[in-house]
Amino acid sequence: MSLYALGDLHLHFQVQLKAQRQLTDPVWQGHEERFRRWCEALLRPEDTLVLLGDHSFGRKLAECEKDLDYIRALPGKKILLRGNHDSFWDAKKTVQLQEKLGDELLLLQNNAFLYRDYALVGTKGFTFEGPFYLNRQGRIIDWDREKEAEADRLIEREAERLRLSFEAGKKLGARKFILFLHYPPTNIREKSSVFTRLAQEYGAEQVVYAHCHGQSRFHDSLLGMHGGIRYSLVSGDFLNWKPCKILD
Ligand SMILES: [Fe+2]
Ligand SMILES: [Fe+2]
């Protein structure tokens, strides 16, 4: 039994694609087929696949049906996290959405799922992504304070949701945690955040995140071991569509 993760499928079987990168960058060409083949080669029915958000470019659920069918048809148990593009999924109506989707797609929002003796916990997360203002040497000298204040409100709400998820994991009897976030836990000028502090507080062994696309963004946040916690970026284009094994 193994646990795999990947984020940012950005499927669009039913809507016209406007994302320039996805139209031109070779890493995105035929990515649906490449990811499906990797999953079929690696995953067994007893395995679990966590998809870390930005599942679909569809705006409403009716525009995402084929994308969700594609995910349903992948091998293993599927757990889905919300990304910033997933407008078909209103966080406050997750229970109703879960009823509609059925138990082949499990939604991770204010809850937790057991994997062996671990609780899989998570939330979309958030981080302030600028704009940052640079000097001639390319060093950050200032940033948009208004946007930062807006981001702080979203970060606070997401931290509350994450706390609910950790507590749900504890109620399931788990004392070991793997934390999934759609957004990176920190931005380019941070070494820590409320998300890294919650990971420490609850003793998470790993923090797994996505959202960062393209070479220039792959090193925006923490990678490898920090404070005894392993941080991994699993956005699909970073992994070249091969799901990342998180646990055996
Ligand atoms: Fe994305
Ligand atoms: Fe995203």
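The protein has 248 residues and a radius of gyration of 18 Å, which agrees with the value near 18 Å for a compact globule of that length. The radius is taken over C-alpha atoms, and the globule rule is 2.2 Å times the number of residues to the power 0.38. This is a predicted model: local features need pLDDT of at least 70, side-chain atom pairs count only at pLDDT 80 or more, and totals for chains, interfaces and linings use all residues. Residues are numbered from 1 along each chain as its sequence is written, while chains are lettered from A and ligands numbered from 1 in the order in which they are written.

**Overall build**
- Along the principal axes, the C-alpha atoms fill a box of roughly 50 × 45 × 30 Å.
- Buried residues make up 39% of the 248 (buried: 20 or more other C-beta atoms within 10 Å of the residue's own, with C-beta atoms placed from the backbone).
- Of the contacts with a separation of 6 or more, 80% join residues 24 or more positions apart (contact: C-beta atoms, placed from the backbone, within 7 Å).

**Secondary structure**
- The protein has seven helices and 13 strands (DSSP runs numbered from the N terminus: helices are H or I, at least four residues; strands are E, at least two).

- Five strands form an open sheet with mixed pairing, in the order 4-3-2-1-13 (strands pair if DSSP finds at least two bridges between them).
- Strand 4 (105-107) and strand 13 (244-247) are the edges; each has a single partner strand, so one side of each lacks a neighbour in the sheet.
- Strand 1 (residues 3-6) and strand 2 (residues 48-51) run parallel, joined by four bridges.
- Leu-3 stands opposite Thr-48 in strand 2.

Definitions and conventions. Buried ≥ 20, exposed ≤ 12 C-beta atoms within 10 Å, placed from the backbone. Contact = placed C-beta atoms within 7 Å.
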